[in-house]
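Here is a short briefing on one protein structure. Keep the sequence and the 3D view open as you read.

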Amino acid sequence: MRILLVASAFNSLTQRVHTELREHGHTIGVELALGDDLLRARIDRFRPELILAPMLTTAIPEDVWREHPVFIVHPGPMGDRGPSSLDWAILEGASTWGVTVLQAVAEMDAGPIWASETFEMADCGKSELYRNEVSDAALSAVLTAVERFESGGYSPEPLDYDRPEVTGRLRPFMTQEMRRIDWAEEDTDTIIRRLRSADSQPGILDELYGREYFIHGGHREDRLRGLPGSIIGTRDGAVCRATVDGAVWLPQLRPRRTPGGPVTFKQPAVDALGADLPADVPEVPVSPAEAAGRDTWSELLYTEANGVGYLEFAFSGGAMDTRQCRRLLSAYRRAADRPVNVLVLGPRRDFFGNGIHLNVIEAAIDPAEESWLNINAMNDLVEAIVTTTDKLVVSSLAGNAAAGGVMLALAADQVWCRDGVVLNPHYRLMGLHGSEYWTYTLPKRVGIHTAEQLTSTTLPVGARAAARIGLVDEVIAGSTDEFGERVREEAEALAAAPELAQLLLAKKQRRAADEALRPLADYRSAELAHMYRNFFSEGESYHQCRHDFVAGTKPLATPAYLLA
């Protein structure tokens, strides 16, 4: 079928639906919701048999849904209505939730139901939930709805609140007043639910040191205590704020925009507070190994079991600034010195990585210089992984990866990928040539021709398609928990394999042969010559692309790369 995806943004769910429907043989177009007339014109050109909205914050025009079948993906169980569905589910502590595919009608979220899936709520924030449990349920519901529509013999079920399986209800838009935290009265669990319900957007408006900020995300702290509402510690850019019965870590803040002022964006909390943060607030470090055994916040965790070391990293939004790259490199070197045979790299659930940290770069006094420091720190990390020859290194992708995050994964010997993962192995949308030794690792895996295609077409690649071309080595089906268990089983089997010594010897010989053919330093210098021009030369598009990305600037029309 010819299916047109209409979305407010080409976000993670839209990309996953895009890749999966293409896998099922459908012809897919994408139109961003940038205006009703633009949508009508695209429909006239594309002539879809079905219009599908995976993520839409505006209404489809009435003439469109009357003339064409339009399916809306709503992140709530049958009967749930309103724009703050997941926010309410997290805030109210729901144990199960759902995703419903319904047909567009005049009344928002009230159309006939084509498919619905339920899932168990995870103990995490909204954005992480959206990219995992919600995404899995949404994809299952979308595939069911599309199959039913294509069959021509299915009649959708009208919304009927008298049916026992229709458990949802109309919920209001969640305002900032509804989200407000009372630090003097509310306990840690309540505050955590509030923070998690708004972690990506819109954040929770609050005040610190006489200024207003939106708080994005929150994590429990098991030891630190202090006066409720006060900042009692910092760690790796986050601040710890006391509650009436404990404390929470706040990784990111966004200054409230003043009327007519410049656009503001999320930053590490310590950076956002700047000179307002008192000098006597202590830094409270924790090692990755210690953090793994505590209920505290850390971007890095390290554990060992049965000859395998697991170095987990979880960076907000998947981006890594210069400091984060250096901390991860230090943790990697310590892990590489441990007496284990296999090292598994990657977060337990969410983004594997998205490359350099554009928000931190945008906020820097000299964005070009910070870009240069950041890409070199990324390169140092990738080089350390590529040159590890006494252990087998596995990249474990439970979540999505893009740009330098993909190339970070390719530095390992094996890349294992959950079947719901979407990869974007390109840099061009940000006006960059790219580095992280991609000119060495990517052609080795997929060949020069395919490497050129992947880095120039700028479209997402699903996990199964990535496996077919050799971009990843193994695709593992199931939930994030099932994926993690399978990774542990296979990594431990690899560590105990009789042929491990032969595998390590062959790895060492390959690396020596590659180095003799062309040193890694040559790949790095060639890539960085391009990147230096991207960062420092006049007329390069990178700085404008970065600013538009960080500021959330909407394009005037759907970008050309999505119009194929």
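**One buried threonine**

Thr234 lies in strand β10 (residues 231–235). Strands (E, at least two residues) and helices (H or I, at least four) are DSSP runs, numbered from the N terminus. This is a predicted model: local features need pLDDT of at least 70, side-chain atom pairs count only at pLDDT 80 or more, and totals for chains, interfaces and linings use all residues. Residues are numbered from 1 along each chain as its sequence is written, and side-chain values use heavy atoms, with hydrogens and water left out.

- Thr234 counts as buried because its relative accessibility is 6%. Buried means under 20% relative accessible area, exposed over 50%, and partly exposed in between (1.4 Å probe, protein chains only).
- Beyond its neighbours within four places in sequence, Thr234 is in contact with Val239, Trp249, Val270, Leu277, Val281, Pro282, Glu283 and Val284. Contact means heavy atoms within 4.5 Å.
- Thr234 and Leu250 are 16 residues apart in sequence. In space they are 9.3 Å apart, C-alpha to C-alpha.

**Strand β5 and its partners**

- Six of the eight residues in strand β5 (residues 96–103) are buried.
- Strand β4 (residues 70–74) runs antiparallel to β5, joined by four bridges. Two strands pair if DSSP finds at least two bridges between them.
- His74 stands opposite Thr100 in β5.
- Seven bridges pair β5 with strand β6 (residues 113–120), again in the antiparallel sense.
- Trp97 stands opposite Phe119 in β6.

**Nonpolar cores**

- A nonpolar core is a set of buried Ala, Val, Leu, Ile, Met, Phe, Trp, Tyr and Cys residues joined through side-chain atoms within 4.5 Å.
- The largest core has 67 residues; Tyr332, Leu423 and Leu442 touch the most other members.
- Helix α12 (residues 367–386) gives this core its largest share, eight residues.
- Another core, of 37 residues, lies apart from it; Leu86, Met121, Leu459 and Leu562 are among its members.
- In soluble globular proteins, nonpolar side chains tend to be buried together.

**Helix α17**

- Helix α17 (residues 480–495) has 16 residues and reaches 22 Å from its first C-alpha to its last. That is close to the 22 Å expected at 1.5 Å a residue. The expected span is 1.5 Å times one less than the number of residues.
- Its buried residues are Thr480, Phe483, Gly484, Val487, Glu490, Ala491, Leu494 and Ala495.
- They cover an arc of only 135° around the axis, so they lie on the same side of α17. The arc is that of the directions from the helix axis to the C-beta atoms.
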